[in-house]
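Subject: Structure handover

Hello,

Here is the structure I promised to pass on. Please open it and keep it in view while you read.

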Amino acid sequence: ETGVTQSPTHLIKTRGQQVTLRCSSQSGHNTVSWYQQALGQGPQFIFQYYREEENGRGNFPPRFSGLQFPNYSSELNVNALELDDSALYLCASSLRTGVNEQFFGPGTRLTVL
Amino acid sequence: QKEVEQDPGPLSVPEGAIVSLNCTYSNSAFQYFMWYRQYSRKGPELLMYTYSSGNKEDGRFTAQVDKSSKYISLFIRDSQPSDSATYLCAMRTGANSKLTFGKGITLSVRP
C-alpha cells in the first residue's frame, strides 16, 4: 500500500466540460507529480508541484492546470475537455524533488464523451 | 523518434522461465533508470532503480544499464504467475523529477 490516494476513481464527462481530480500524497511527501496514461501507453508527465509551486511542466496545453495545498495534497484541473483527454490520470508523491522513489496512486480514469 | 523505446509485447512465458525486458533511449542526459510494474487497474509500483551504468540485483530481479549503448534491461528469474503485469521502464535526468516512460510491455507467466 503506497499511501497515495486519488479521487474520484472513475469519471465520465462530455466534451467542453471542466474536471477536477484530487490527490493526497503519502505522509511526509512534499512533492507531487501528475501523469497522463492513455490506453496502451506509458505515463506522460504533465507537471510537478513542490511546496505549492509548479516545478516543471511537460508538453501539455495551459488548459491543464494544478494546485498544491499546504498539506501537500494536490488538484489537477482540465478545462475545455477534448475526446483525447480520455485517460488514466496518475499522481505520484515523493519526499522532495529530484528523487527516484516516487510512489504512485491508483489513478483516476477519465472518459470524455 | 521517441525518447524511450520499449520492446513491443505482449510476452508469454512458462512459470520458472527467465524473462528479459528491454528499453533503449536517445537522450544521453538520462542518469537514473527505473523499472515499474503495473497491475491491471492499478498505479505503477516501483521495482527498482539504478544510477548510471552497471547492474543491480534485488531478489529475483536484476536491472542492467549500459549507458554507452543507451540500453537498459530487467531480468526476472524463476518467473511466477504473480509476475504477470505490465512492466514500464522510466528514466530521468539529474535536473528534476520528471520521469520519461516507455510504452510498457505486458508479461503473462503461464502456470
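Below are the notes on what was found.

First, the ground rules. This is a predicted model, where local features need pLDDT of at least 70, side-chain atom pairs count only at pLDDT 80 or more, and totals for chains, interfaces and linings use all residues. Residues are numbered from 1 along each chain as its sequence is written, chains are lettered from A and ligands numbered from 1 in the order in which they are written, and side-chain values use heavy atoms, with hydrogens and water left out.

**The interface**

How many residues of chain A are in contact with chain B? The count is 20, and they meet 20 residues of chain B. Contact means heavy atoms within 4.5 Å. The area buried between the two chains is about 1,600 Å², with 51% from carbon and sulfur atoms. Buried area is the accessible area (1.4 Å probe) that two parts lose on being put together, summed over both.

Four residue pairs are in polar contact between chain A and chain B, both residues at pLDDT 80 or more. A polar contact is a pair of N or O atoms within 3.5 Å; within protein, one must be able to donate a hydrogen and the other to accept it, and residues adjacent in sequence count only if both atoms are side-chain atoms. On chain A's side, β4 (31-37), β5 and β9 (87-94) each give two or more residues. Strands are DSSP runs (E, at least two residues), numbered from the N terminus.

**Salt bridges**

Over all chains, the count is seven. A salt bridge is a side-chain nitrogen of Lys or Arg within 4 Å of a carboxyl oxygen of Asp or Glu. One joins A:Arg63 and A:Glu82, with the closest N and O atoms 3.3 Å apart. This pair links distant parts of the chain, 19 residues apart. A:Arg63 sits in the loop between β6 (53-57) and β7 (64-68) of chain A. A:Glu82 is in the loop between β8 (74-78) and β9 of chain A.

**Backbone details**

Most residues other than glycine have a negative phi, and most peptide bonds are trans. Now look at A:Ser7 to A:Pro8: this bond is cis, with omega near -10°. A:Pro8 lies in the loop between β1 (5-7) and β2 (10-13) of chain A. From B:Gly9 to B:Pro10 the bond is also cis, with omega near 0°. Finally, A:Glu52 has a positive phi, near 75°. A:Glu52 is in the loop between β5 and β6 of chain A.

Best wishes

Note on methods. Helices (H or I, at least four residues) and strands (E, at least two) are DSSP runs, numbered from the N terminus.
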